Amino acid sequence: MLRAWAQSLVAIAVTRLETACAEQNQAQHFQLFARRYLQDPDHPPSWREVGNVFGLDEKVARSRAETAARRFRALLRELIASDIGSEADVDNELHAVIAVL
């Protein structure tokens, strides 16, 4: 049950990230993030491989993906905080979510 809860939080955060990136004309940021972190998390492509798909060098690809990753972490943190209601316990819950995934 905890795993299903964690997976649903991540899915919601990913959806919200995609929407936020689209609203800010940063859809490519989301695509870079998804290619690096979501497609095959156990075997992520190199930054060079990620960038090549979009005609970007690895530094630009990494910077844009990391911008999206920071936003994703903030969204996930917000979701956890809204579920548990206590800012003090957010870090513990965040670690629990990561542990079950």
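Predicted model: local features only at pLDDT ≥ 70, side-chain atom pairs only at ≥ 80, totals over all residues.
Student: Which residues line the second largest pocket?
Tutor: The lining consists of Val10, Phe33, Arg36, Tyr37, Leu38, Pro41, Pro44, Glu66, Ala69, Phe72 and Arg73.

Student: And what volume does that pocket have?
Tutor: The second largest pocket has about 170 Å³.

Student: Which helices each supply at least two residues of its lining?
Tutor: Helix H2, residues 27–38, and helix H4 do.

Student: Switching to aromatics. How many aromatic pairs does the structure hold?
Tutor: There are four aromatic pairs. One of them joins phenylalanine 30 and phenylalanine 33, with 6.3 Å centre to centre and 40° between the planes, which is a tilted arrangement.

Student: Where do phenylalanine 30 and phenylalanine 33 lie?
Tutor: Both are in helix H2, three residues apart, or about one turn of the helix. As for solvent, phenylalanine 30 and phenylalanine 33 are both buried.

Student: Why is the pair of tyrosine 37 and tryptophan 47 edge-to-face?
Tutor: Because the planes of the two rings are at 70°, and an angle over 60 degrees counts as edge-to-face. The ring centres are 6.1 Å apart. This pair links distant parts of the chain, since tyrosine 37 belongs to helix H2 and tryptophan 47 to helix H3, 10 residues apart.

Student: Is tryptophan 47 buried or exposed?
Tutor: Tryptophan 47 is buried, at a relative accessible area of 10%. Tyrosine 37 is partly exposed, at 29%.

Student: Which residues form the aromatic cluster?
Tutor: Phe30, Phe33, Tyr37, Trp47 and Phe72 make up one cluster.

Student: Back to H3. Which residues are buried there?
Tutor: Trp47, Val50 and Gly51 are buried in H3. They sit on the same side of the helix, because they cover an arc of only 95° around its axis. Arg48 and Asn52, on the other side of H3, are exposed.

Student: What are their relative accessible areas?
Tutor: Glutamate 58 is partly exposed at 33%, while arginine 48 is exposed at 51%.

Methods. Residues numbered from 1 in each chain as written. Heavy atoms only, no water. Buried < 20%, exposed > 50% of the residue type's maximum accessible area, 1.4 Å probe, protein only. Helix = DSSP H or I, 4+ residues; strand = E, 2+ residues; numbered from the N terminus. Arc of directions from axis to C-beta. 1 Å grid on protein atoms, 1.4 Å probe; cavity = no way out; pocket = protein on both sides within 12 Å on 5 of 7 lines; lining within 4 Å. Points joined across faces, edges and corners; volume = space filled by probe spheres on them. Phe/Tyr/Trp six-rings, centres within 6.5 Å; stacked < 30°, edge-to-face > 60°.
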